[in-house]
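Notebook open, model loaded. I want to look at how the chains meet and then at a few spots inside one of them.

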Amino acid sequence: MSDTIASPVAPDGLSPSASAEPTRNMKHESAVLHVTGRALYIDDLPEPKGLLHVVPGLSEKAHARIVSIDLAAVRALPGVVRVLTAQDIPGENQTSPVHANDEPLLAQDLVQHVGQPIFAVVATERAIARRAVKLARIVYEELPAILDIDSAKANGSAVVWRPLTMARGDVEPALAKAPRRLQGTLTIGGQEHFYLEGQVALAQPGEAGEMRLWSSTQHPSETQHLVASVLGLPHHLVTTEIRRMGGGFGGKESQANGCACLAALAASLTGQAAKMRLDRDDDMVITGKRHDFKVAYDVGFTDQGDILAVDMELAARCGWSADLSGPVTDRALFHADNAYFYPDVRFRSLALKTNTQSNTAFRGFGGPQGIIAAERLIEEIAHATGMDPLDVRLRNVYGTGERDVTPYHMVVEDSITDLVMTQLAERCDYRRRRQALRDFNSTSRTLRKGIALVPVKFGISFTATHYNQAGALVHVYTDGSVQVNHGGTEMGQGLHTKMVQIVRHEFALPAESVRITATTTGKVPNTSATAASSGADLNGMAVLDAVSQIKGRMVAFAAEKWQVPPEQIAFTQEGVRIGDEIVSFRDLVWQVYFARISLSASGFYKTPKISWDAATGRGRPFYYFAYGAACAEVTLDLLTGENTIDRVDILHDAGESLNPAIDIGQIEGAFVQGAGWLTTEELVWDGQGRLRTHAPSTYKIPACSDRPRIFNVTLLEDAPNREATIYRSKAVGEPPLCHGVAVLHALSDAIASLDAYRSCPSLDAPATPETLLRTIMRVQERARRSDGASV
Amino acid sequence: MRQSIRFYLGERLVSLDNVAPDQTLLDWLRHEGRTGTKEGCNEGDCGACTVVVARLRGDRVVLKAVNACIQLLPMLDGAALFTIEDVGSAGALHPVQEAMVTLNGAQCGFCTPGFVMSMVAYRNADERSDDDAAIDSALSGNLCRCTGYAPIVRAMKQALAAPDSPFETALSALGAKLEALQDGEDVAIETSHGAIFLPASAASLARYLQEHPDTLIVAGATDVGLWVTKAMRALPRVAFIGQCPNLMRLERDDEGLHIGAAVTYDAAREALAALLPDFGALVGRIGSTPIRNSATLCGNIANGSPIGDGPPALIAAGAMLHLRRGAEKRVIPLERYFLAYGKQDRQAGEFVEAVTIPPLAEGIFYRSYKISKRFDQDISAVLAAFALRVDDEGIVQEARLAFGGMAATPCRAVRAEGVLIGAKWHEATLEAARLALAEDFTPLNDMRASAWYRQTVAANLLTRFFEESQGETMRLAKAGGLAHV
């Protein structure tokens, strides 16, 4: 790349040059285990003697009082050992991850969604427990159920979390004065995580009240704390361990707690090990999903496409409890500007309570929904002014030194969105292709093509500031092998690989010398969820801290023993260079041990600079932003709404990438997941609040043939993080999911051709074939009317 | 009469005489300690449980990927079964595993063993090619939520180019081992878990069903498997017909194409494509590769589902259904088999022996269209299959408009056909037929589509059919957006 991104790098030892081959090209640390089927997930662990199986009994009503529960037939089935109800819980019947006190583990008097666990069967075999739950007789007294955003708003807008307002300037007069003004609404569907490994936990009771858990959780500390709370135990009696998850995507941040708590409850009450692994259908019916949103917008702009003022309300279906809906709806507002400067602005969130699954974290955490809202404004303005949407985007991106303040009063210090978009447009030949497909559209009767180039700017840090801390524990053993542990969890994103890379790089060790162990609350306590894309940023710095401490001790020892200045000591692949001498790492370790110096260290990190005050809507919630842009081209069938993604080009900013192959893998996967969310993945509830899409037979995530036929993913080059992150890298988990938005806009562009690009098609998500066909017919009708009027 | 089932698990011959009819292969494997095979959905959709089944076909050993979660253990009789533990290990990776490591094909790793098994089967398949669409099809039964598939497809291409591995070399000795398992015996096992019967001939099956009319007939178990894994239904007595030689007959002769009750979609695909290219293409979108390796056309008919893709495509082709009870046989037009929702024209002790497609009239124009949210491995919102014959004057002489997803059974659009027959095949007739379709059907709203969408698309597909009959050749295709038909 010829254009480099100017980005000053502080002389703090974290310069990108410190990142080096060969560790950058390291394969996933479990790759060989994965491909040989020898990687152990929780259900693969050897089963303890006398293992019992737990299956939950679920509410069949969306909102009802429980009049009576008859479990006699359940208990009578041979093989059933025990049935758990709310009365059996020795501690708190409460699992709210945000201490909202609104999420009982087992419903007692009231059920608030179809699928809410009421009881759980503990049996000698899982199949017996599954059959037994069907024998319960529960009498309900039904209450009015609120199932979606519209009915929630029509019935008083009860919320699970306080609304947030972000404002800058004076939006109402600015809108009133604007030369052009448009209002509209936008619906964005939810999304099931569909981690391939469903929710699962194994609990084994120990001595003196100890409880050991293996839980497929992104948040082992929270799982530990809630299990302790449910069992009425202090935290120190509960240990949670997770080697790896078969996918998480946010769906195991809080949603893993239910299985862990019920397995632990069963183990505690029976004194035997107990496992709870949800059937896929139960998993989808019980657990929360990505929030669906309805956005009402009002935008003022000029004839030249400059945005003057934006007023938006972002309302979310949150489900029956708060869960993480507060921070999710907050983050939607944090991203409702995407990469654009709004001179006068007001955003409001509405976290609506409904009688459906309690929606939760999902890669992007509300951010993608905010970005979609921002991009709808761009689309509206482009159609209203007749401009290329790319030009509208380029006119409105954040500036540097001016037009650089977000709606939450944080200054964007490094806006590179225009550069990223411009580079991508050139690389993928956007303007020529846009013209070519318009030519195609002018002659094609039943097939239309569309293209869109959409940027993303994504804020990195937990907006709950206290979450931005991490710990690590590194041991160097006397044979020179190293064990590393940290507070983050591995769910496929390659976090453990990156942590191993850091240790290897610092000590200059080969792969076989460094072993990463399962994440456990017994080694690193009080950890944050592996979420918000923060895993490598936070834990990487904690690992670096631990390694640096040990290195410091080794260097000090060597400096004294060899009588050389510390700066003449370096860890190299040949061994430790001490002055003119090379000593093997192993020998030096042995000597350090012999000198009675500790070879173990606990590392810690907290993100600097950040702050956020929700009450005033001001602060610097993000340490930095990650950037990128995607260009998607699609073909759409006007008779059916079927479509294909023909080509996608992505340019993404991973800073100085810790591992380019892993980061590109994250981007490719995130794009397909984002595109799936906005196209084929449709959640459907019936009028009784029953989720009808509760298995892969009815809920359609992308399959192999849905990937873009041409798929070019490139990392932005020469773009080290301005901030002092681990080796100047950037977080990469969530931001690229937003690239899927380009597909929605490309489909919309194809439809816009039907009205000669004169009006915004207002395409909602997910753009299923049905939604597309409805939108096609609406735009065709609009074109007929306006053509008729103009004649 | 044999009273056990026998198959190879890797190198080991397994003989089981105390097996339940509803024992799934996946549960059995995991209980055996083969935990590399994962449960992702337990309904044959996600592919995390994919294993490879090797069978003797003629004198060749053929490898097929199947979903272990909905294979019932007795179906394995006579086969060799390979799981992820059999194909390679850390020090000696199979080329597919090697490529998956090198090209970063695994992220969370949970779907990976299933992918590897599908890829191993494809590497050894007759139809293997490094064409993207062919690879998509081979991997259509494996869902990955992490990678977005791109690196897995790259790995597949790299592995296709690699030489044989020890796993493949060892296959040459397998033929004789499988041959030795073919004893031509009926298998009958009666235990406290239930009764299992594997007929060695159609006559055996006929006899058994007369003696035990309550028997559930299972061919590929891609539907019945879910009765077990999802509905927790007990299966007290099952006849597994999937390997019954008489029922595996697939022949084209003067009477048409004969497809026996045990012929899988995979096995029938080539013959169907030769007869009706559009039907062949449709088969490529029914279920997924592992489903098509198990599921049979006749099973898709016999279970009477209103949303099976096979029946409408067959009805439009004028298919005839062959039913048998004891020695008594009858043949009916396929559409007459479907009496009402959940009710078919099949008597106790009677079974579907075959379906035949009679020779097609000269000049017949046949098309089938599948509409679903996702292109691969999805249940249709609407399946339309049309056959039309227009004479030299442009008058419609024959019209068969068959639909799935539009009514309680697969059925023909009688009113629309009435509009077409005897009318000139032009736009006015098309419009009239489109309107008549609205009278033919009152489709349902469900999670797949609304009644509005089904009705609108059904009419639009008739429009597409008209346009294609007039020479329109462009159609949306997954491979690059456009394709010529």
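**Ground rules.** I am working with a predicted model, where local features need pLDDT of at least 70 and side-chain atom pairs count only at pLDDT 80 or more, while totals for chains, interfaces and linings use all residues. Residues are numbered from 1 along each chain as its sequence is written, chains are lettered from A and ligands numbered from 1 in the order in which they are written, and side-chain values use heavy atoms, with hydrogens and water left out.

**Interface.** I looked up contacts (heavy atoms within 4.5 Å) and got 84 residues of chain B against 82 of chain A. The two chains bury about 6900 Å² between them, 56% of it on carbon and sulfur atoms; buried area is the accessible area (1.4 Å probe) lost on being put together, summed over both parts. On the chain B side, Arg145(B), Met232(B) and Lys373(B) lose the most area to chain A, together 14% of what that side buries.

I then ran salt bridges (a side-chain nitrogen of Lys or Arg within 4 Å of a carboxyl oxygen of Asp or Glu). The rule finds 16 across this interface. One of them joins Asp378(B) and Lys700(A), at 3.5 Å from N to O.

**Helix H11 of chain A.** Helices here are DSSP runs (H or I, at least four residues), and strands are E runs of at least two, both numbered from the N terminus. In H11(A), residues 389-396, I find Leu390(A), Val392(A), Arg393(A) and Asn396(A) buried. The cut-offs are under 20% relative accessible area for buried and over 50% for exposed, with partly exposed in between (1.4 Å probe, protein chains only). Which elements cover these buried residues? Among them are strand E14, helix H10 and helix H13 of chain A.

**Asp388(A).** Asp388(A) is buried at 8% relative accessible area. Its side chain meets that of Arg434(A) in a salt bridge of 3.4 Å, N to O. Asp388(A) sits in the loop between H10 and H11 and Arg434(A) in helix H13, so the pair ties together parts 46 residues apart in sequence. Arg434(A) is buried too, at 14%.

**Two more bridges.** Arg212(A) and Glu241(A) meet at 2.9 Å, N to O. They lie in strands E10 and E11 of chain A, so the pair links parts 29 residues apart in sequence. Arg212(A) is partly exposed at 40%, whereas Glu241(A) is buried at 17%. Glu770(A) and Arg774(A) bridge at 3.1 Å, and being four residues apart in helix H19 they are separated by about one helical turn.
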